[in-house]
Structures are given as C-alpha cells and as structure tokens.
Amino acid sequence: MTNAVSNRIWLWVGMVAVAAVVAVVAVTTWQKDNSSPVGAPASETGIDSEPVAISEESSVTTSAQSTVETTMVAALDVPEWYPVAVVEALERGLSVSPDECASIERTICSIDAAAQLMEIMRPNASGPITLADAVGRALLYADNAERAFEVAQVGVAELTWSEAAEVGGFSADSDIRLAPDAPVVVVTVAAPISNTEGPEGAELETYDQYTVIYSAASHHGFRVCMGCGDVAVDAMASDYVKGLPDSSFTRDPAEADG
Amino acid sequence: MKIRRLTAVFAVVVSAVLVTVVLPPSASAHSDTRYYSVARLFQSNNITGASAQMNQAQMYIDPWVGNDHINNVLWIVLSGSAHRWVEMGYRNGFDSGNPCSCIVYQQYRGEKIGSNYVRTTLLNTVPNGANYTMQMERVHSGGLPSYFHWDYRVNGSWVGSGQSSTLGMGNRIDVGGELAHGSGGGNRSHDAVAATFSNTNLQHKVAGSGFVFWTSASTHSITVPCGSSPHCMNANQVSGNRFDWNKP
C-alpha cells in the first residue's frame with residue numbers, strides 16, 4: 001500500500017469519526033429541546049395540564065473513586081403553568097435537608113408547599129377575569145360598597161406582572177407566584193377605605209383610594225394596597241359594571257357565582 | 001353702635017361654641033373597634049425576626065357585619081412605632097379578592113412599611129386544626145446595603161418578600177388574636193374563638209444572632225393584662241393553645 005492510499009484511508013476514517021460525534025451531539029440536543037419546557041405559559045385548559053418532569057440527578061463517582069455529593073432531585077410532578085421562579089425555588093429546597101431548606105432565602109421546601117403557594121394563582125377553567133368582574137369585586141372593598149358602585153371612579157389596566165410592579169413602584173420579585181409576563185388586572189378605586197388591620201396601638205387609618213391586583217387567570221385578587229394609586233383614576237365605576245347582574249358582586253357566598 | 005358690635009361678636013362666639021359642642025362628629029369618622037389578645041415581647045429596637053407556631057383554627061364572629069374580620073397574627077412593630085409593622089397569619093373575614101367575593105378564611109402576609117398598608121393573600125383555605133410555623137425575617141435587599149426587606153416563611157418554605165426600605169429593626173413582637181368589627185352592628189355577640197399559638201414555640205431573632213426561644217429573652221410576657229385598655233380582650237385558655245376571647 002502506497003503512502004498516498006494509506007493517507008486517503010486514514011482521512012476517510014477521520015471524517016467518519018467526526019461525523020459520528022456530530023450526529024450524537026445533534027441527537028442529544030434535539031432530545032433536550034423537545035422535552036417539556038418548565039414554566040411554560042398555561043395551556044387553554046390550564047388546571048388540567050400535564051405535570052412536567054423537572055430533573056433527575058444522582059450521585060456521581062469520579063475516576064478517583066471518590067463520591068461527589070450531588071443533589072438527588074426526584075422527578076417533580078408540578079403543573080406546567082408554575083412560574084420558573086417557583087420551580088427553581090422548589091428544586092433548591094429539595095436539594096437540601098429540611099432544616100437547611102428552612103434557612104435558605106427564597107426557597108420552597110416541598111412539592112406540597114409549592115402547591116399550597118400556587119393555589120391562589122390556579123388558572124380558572126371558566127376563563128380569565130373580565131374588567132367588569134375585577135372592577136365589581138374591587139368596589140366591594142370600599143367602606144360603603146353600595147355608594148361606591150354608584151359614584152366611585154376607577155382606573156383599570158390589563159398589564160403583565162412586571163409592568164404592574166413598575167407602575168406600582170414595587171418589586172416583581174416580591175411574589176414569585178407570578179412570572180414577569182403573567183397577565184394581571186389592576187384596579188384602583190377612588191373611594192374611602194379604612195384599614196382595620198394592624199397591631200394594637202396602630203392608628204385606624206382611612207385612605208381615599210386603594211388598589212386591588214387580580215391574577216387574570218384565576219379571578220383571585222391576591223394583593224390589596226390601601227392608599228395606593230397604581231393606575232390613574234379616569235372612569236366611572238358604573239361604566240364598567242352596568243349590565244352585569246347584581247348577583248355578580250354579592251357579599252353573600254350562598255348567592256355567589258364563584 | 002358699640003353695643004351692636006359687641007352683640008355681633010358675642011353671637012359669633014356663642015355660635016362657634018354651639019357648633020363645636022352640639023353637632024355630632026363628621027359622618028366619615030370611624031370608631032376604633034379592634035380588640036386584641038396577644039403575647040408580647042419587647043426588645044430595644046434590634047428585632048430582626050420572629051417565629052410562632054400558629055394554629056389553623058376555627059375563628060368566627062357571630063354575626064358577621066360589614067368588613068368584620070378575625071385574625072390569628074404574628075406582628076413585628078418597627079422602629080418603635082405601632083404605625084409601621086409587618087405581619088402574617090390567618091384571617092377570616094370579607095375579602096373581595098376571593099372568587100366568591102365573600103367571607104373567606106385565608107393565610108396572608110401584610111405590612112405597612114411606607115405610607116400604605118399592603119396585604120397579600122397566600123392561600124385560601126379552611127380551618128383544619130393543624131399547626132403551621134410562621135416566620136418573618138429582616139434581610140438585606142440585594143445590591144442595596146442600606147435597604148432591607150422582610151422575608152416571610154410558612155413551615156420553613158419561603159412564601160414572599162416585602163417592600164425594601166431603610167426602616168430600622170423592630171422593638172416589639174405581638175402574637176395572638178385580633179378582632180375587628182365595624183360600627184352599626186347593634187347588640188351583637190362578640191364571642192370569637194381562636195386557637196392562637198403555643199407559648200413554647202415563640203421565637204425571636206436579634207441583630208447578629210439566630211432565632212431563640214422567648215424564654216431566653218430578657219423581658220417577655222405571655223399575656224397582656226387588659227387593665228383599662230379599651231382594645232384588649234380577655235383570653236381564657238381553654239386547653240393547650242386554644243383560647244376563647246371575651247370582650248371585657
């Protein structure tokens with residue numbers, strides 16, 4: 001065999017080896033890309049979405065036979081609509097002992113704890129909250145709800161959670177139950193409200209307006225700020241709620257539609 | 001002429017006195033109808049955390065009127081003033097944030113750090129008699145050395161962070177019951193039942209230290225005598241950590 005022929009054979013062998021490596025890498029990457037994304041937006045059906053396997057790691061033994069203590073994170077069954085921040089906090093919590101978990105900042109220590117935390121944000125199968133729904137519910141916070149329905153002015157905005165935080169001057173990180181791009185409905189009501197919560201000795205204060213923020217997916221108002229004007233007040237409340245049946249906003253749970 | 005002037009001045013003065021004394025206060029005025037039964041710890045402006053085992057217990061007012069609510073709460077009063085505080089616990093009362101816009105039992109956190117009071121619903125739930133550990137801790141806000149916020153945890157799990165501010169540490173911890181009922185309720189019963197906290201599970205944290213039980217604190221009291229305070233309820237320990245409240 002001449003040197004020329006031999007070189008050509010080795011060249012082919014090398015090219016085949018490189019092609020094989022490239023193929024293995026490509027297949028691996030494709031498999032990763034097609035796994036279920038964590039924290040993906042809620043599906044149409046929302047609460048019935050399939051759980052997502054997060055990760056599964058195990059102890060790694062090095063060539064020097066020393067065991068490297070790595071995290072044992074079981075496959076986590078959490079709904080796909082959970083925000084990434086919640087899933088990451090849960091992963092951190094499960095990677096350490098319960099005692100250690102309790103000492104770590106911004107950590108959720110169990111799947112049950114995550115589920116409890118997310119309960120208020122659960123997507124509502126009957127559809128997202130309407131602006132009239134939100135305004136009607138927010139009006140009920142006024143000290144005189146009946147009068148507020150008639151004469152109060154409101155400001156209403158459909159925003160993302162991060163936009164609401166920017167408008168309101170608070171940190172979106174303060175509540176990781178909502179992803180930054182999660183839709184919320186912000187309602188500011190210009191009507192008196194008294195704060196009857198607080199420790200002994202705190203003044204009983206009356207504010208001239210308040211803001212309620214709703215999770216658009218769940219119908220829940222999860223944040224109330226008294227005295228806040230997160231959205232400029234520019235419309236009559238009655239313009240939003242007229243035409244809706246009175247029972248939509250009843251205080252009597254027996255008559256409520258929720 | 002002089003007599004007329006004096007008469008006019010006298011009439012004005014008398015009118016002013018009558019307006020002040022006889023007329024009722026403004027209709028917008030609110031009477032304070034909050035009552036408390038708490039365990040209390042005083043520290044000298046160095047409280048950076050508090051923890052208590054709270055019972056997710058039945059709490060009720062009979063009947064409910066207006067924005068009545070009854071709470072099981074852990075408070076930290078900040079900077080020597082009752083007008084700035086952080087709190088977390090259970091609340092039963094009207095809440096328009098709930099899908100039913102009704103009276104609802106919930107786990108919550110709240111704070112008055114700036115000029116506004118903010119309350120966040122953590123979970124709508126039902127009384128189950130189980131104990132849950134509520135904890136609040138003051139921590140540095142990232143990248144802002146002079147700014148702090150409070151982290152809130154339930155059973156060790158982080159459930160939220162509050163607003164960043166330069167406010168100081170706390171000087172008082174209260175844990176126990178709060179009853180708030182609106183005016184106009186008539187001759188209502190104020191019997192409100194709350195299983196509040198376990199005396200043996202109250203912890204606090206001061207700057208530079210970890211959480212320690214209240215029994216090691218220099219000053220503490222488990223019950224605040226009502227005395228002449230108009231806002232205090234007598235708490236009668238029924239059994240274990242269960243208290244019945246009776247407005248004096």
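**Exercise 1. Determine what percentage of the residues of chain B count as buried, and describe the chain as a whole.**

Solution. Step 1: of the 248 residues of chain B, 51% count as buried, where buried means under 20% relative accessible area, exposed over 50%, and partly exposed in between (1.4 Å probe, protein chains only). The model is predicted, so local features need pLDDT of at least 70 and side-chain atom pairs count only at pLDDT 80 or more, whereas totals for chains, interfaces and linings use all residues. Residues are numbered from 1 along each chain as its sequence is written, chains are lettered from A and ligands numbered from 1 in the order in which they are written, and side-chain values use heavy atoms, with hydrogens and water left out.

Step 2: chain B has 1 helix and 14 strands; helices (H or I, at least four residues) and strands (E, at least two) are DSSP runs numbered from the N terminus.

Step 3: chain B exposes about 10600 Å², of which carbon and sulfur atoms supply 57%; accessible areas come from the Shrake-Rupley method with a 1.4 Å probe, and for residues only the protein chains shown count as cover.

Step 4: among contacts (heavy atoms within 4.5 Å) in chain B between residues at least 6 apart in sequence, 62% join residues at least 24 apart.

**Exercise 2. Identify the buried residues of helix α4 of chain A and what covers them.**

Solution. Step 1: in α4 (residues 111-118) of chain A, the buried residues are A:A113, A:A114, A:L117 and A:M118.

Step 2: viewed down the axis of α4(A), these residues fall within an arc of 130°, so they line one face of the helix. The arc is that of the directions from the helix axis to the C-beta atoms.

Step 3: their cover includes α2 (84-94) of chain A, together with β5 (117-124) and β8 (157-161) of chain B.

**Exercise 3. State how many residues of helix α5 of chain A are buried, and which elements they pack against.**

Solution. Step 1: α5 (residues 131-139) of chain A is mostly covered, with 8 of its 9 residues buried; among them are A:V135, A:R137 and A:L139.

Step 2: the buried residues of α5(A) pack against α6 (145-151), β5 (153-160), β6 (183-190), β9 and α8 (237-241) of chain A.

**Exercise 4. Find the disulfides and describe their cysteines.**

Solution. Step 1: a search of the whole structure gives 2 disulfides over all chains, a disulfide being a pair of cysteine sulfur atoms within 2.5 Å.

Step 2: A:C101 is joined to A:C109 (S to S 1.9 Å), and both cysteines are buried. The torsion about their S-S bond is about -100°, so this disulfide is left-handed.

Step 3: A:C225 is joined to A:C228 (S to S 1.7 Å); A:C225 and A:C228 are both buried.

Step 4: with the bonded cysteines of chain A numbered in sequence order, the pairing is 1-2, 3-4.

**Exercise 5. Locate A:H219 and B:N155 and give the phi of each.**

Solution. Step 1: most residues other than glycine have a negative phi.

Step 2: A:H219 has a positive phi near 75°. A:H219 lies in the loop between β9 (210-215) and β10 (221-226) of chain A, and is buried at a relative accessible area of 9%.

Step 3: B:N155 has a positive phi of about 50°. B:N155 is in the loop between β7 (144-154) and β8 of chain B, and is partly exposed, with a relative accessible area of 43%.
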